[in-house]
Amino acid sequence: MYARSGLLSQRSCSSHGRECATPVLAAQRRNNSTATKIAVEFDQSTGVAVMRLQGPPVNSLSLDFLTELCINVEKLEMDKNCRGLILTSSQPKVFSAGLDIMEIYGKSPERCGEFWRAVQEMWLKLYGSSMVTIAAINGSSPAGGCLMSMTCDYRIMADNPRYSIGLNETQLGIVAPFW
Ligand SMILES: CC/C=C\C/C=C\C/C=C\C/C=C/C(=O)SCCNC(=O)CCNC(=O)[C@H](O)C(C)(C)COP(=O)(O)OP(=O)(O)OC[C@H]1O[C@@H](n2cnc3c(N)ncnc32)[C@H](O)[C@@H]1OP(=O)(O)O
């Protein structure tokens, strides 16, 4: 979902000194899902977009989720009026549970490869963004959720002792590929 007047067209442009992505984007080619796991509100008057993660129950980062997230970041990146992006969660108590472990459990090497490429695309898009990016961490954010927030320029976390954040994935025997 991209809530602003005038849905962005896919166009090549150069704004704020940044080159825009090519019109046909890797993430868009991959996206077959119609479900919306990301809601974006863009405030024209401030130039700030709020991206709400709304993938129940815990915003786990599936291939579909990562694809939708990348498409939305790309769309905002192409909008010369958008200067800032706030990433937050609509789910209670959880920012993101990290990678969707069902995407890697018992899957073929090809499918795992596709999934890890999508993970890489996500952090590269956020880390390389020309927008000022802020993670408003309003719940637990283990492993891939922590990675996602670390790729933002700033992080603010809700002060609640029940919320945890950190790179705990090795406890599951998961080692991120060499990037
Ligand atoms: C720049 C790069 C350089 C270096 C790389 C750096 C880092 C490495 C990068 C990536 C590696 C990342 C790996 C991962 O992310 S692996 C996943 C790790 N995540 C977890 O271990 C989280 C486990 N979950 C929890 O701790 C809790 O669920 C949570 C605190 C998030 C929420 O607790 P709550 O009590 O609210 O809910 P639950 O009842 O526990 O869960 C509800 C429901 O959701 C399912 N669930 C939870 N997490 C996941 C997940 N990660 N994937 C898929 N499904 C998940 C859980 O099983 C429940 O399902 P159900 O029983 O069917 O209701």
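A backbone N or O atom of alanine 97 sits 2.8 Å from a nitrogen atom of the ligand. This is a predicted model. The protein covers 58% of the 1,200 Å² of accessible area that the ligand has on its own.

**Ligand shell**
- The ligand has 22 residues around it, and Ala97, Leu99, Ile101, Ala143 and Gly144 come nearest.
- The shell divides into 15 nonpolar, 5 polar and 2 charged residues.
- Isoleucine 101 places a backbone N or O atom 3.1 Å from a ligand nitrogen atom.
- Asparagine 168 uses its side chain: a polar atom there lies 3.5 Å from a ligand oxygen atom.

**Nonpolar surface patch**
- Ile101, Met102, Tyr105 and Leu172 make a nonpolar surface patch of about 480 Å².
- Tyrosine 105 lies in the loop between strand S6 (84-89) and helix H3 (109-127).
- Tyrosine 105 counts as exposed because its relative accessibility is 63%.

**Salt bridges**
- The whole structure holds 3 salt bridges.
- Glutamate 41 and arginine 52 pair at 3.7 Å, N to O. Glutamate 41 is in strand S4 and arginine 52 in strand S5, so the pair ties together parts 11 residues apart in sequence.
- Glutamate 41 is partly exposed at 45% relative accessible area, and arginine 52 is partly exposed at 30%.
- Glutamate 74 and lysine 125 form a salt bridge, with the closest N and O atoms 3.1 Å apart. The pair links helix H2 to helix H3, 51 residues apart.
- Glutamate 74 is buried at 4%, whereas lysine 125 is partly exposed at 24%.
- Arginine 111 and glutamate 103 meet at 2.7 Å, N to O. Arginine 111 is partly exposed at 29%, but glutamate 103 is buried at 10%.

Definitions and conventions: Residues are numbered from 1 along each chain as its sequence is written. This is a predicted model: local features need pLDDT of at least 70, side-chain atom pairs count only at pLDDT 80 or more; totals for chains, interfaces and linings use all residues. Side-chain values use heavy atoms; hydrogens and water are left out. A residue is near a molecule or strand if one of its heavy atoms lies within 4 Å of it. A polar contact is a pair of N or O atoms within 3.5 Å; within protein, one must be able to donate a hydrogen and the other to accept it, and residues adjacent in sequence count only if both atoms are side-chain atoms. Accessible areas come from the Shrake-Rupley method with a 1.4 Å probe; for residues, only the protein chains shown count as cover. Ala, Val, Leu, Ile, Met, Phe, Trp, Tyr, Cys and Pro count as nonpolar, Asp, Glu, Lys and Arg as charged, and the others, Gly among them, as polar. Patches are made of residues with over 30% relative accessible area and no salt bridge: like charges are joined within 9 Å, nonpolar side chains (Val, Leu, Ile, Met, Phe, Trp, Tyr) within 5 Å. A salt bridge is a side-chain nitrogen of Lys or Arg within 4 Å of a carboxyl oxygen of Asp or Glu. Helices (H or I, at least four residues) and strands (E, at least two) are DSSP runs, numbered from the N terminus. Buried means under 20% relative accessible area, exposed over 50%, partly exposed in between (1.4 Å probe, protein chains only).
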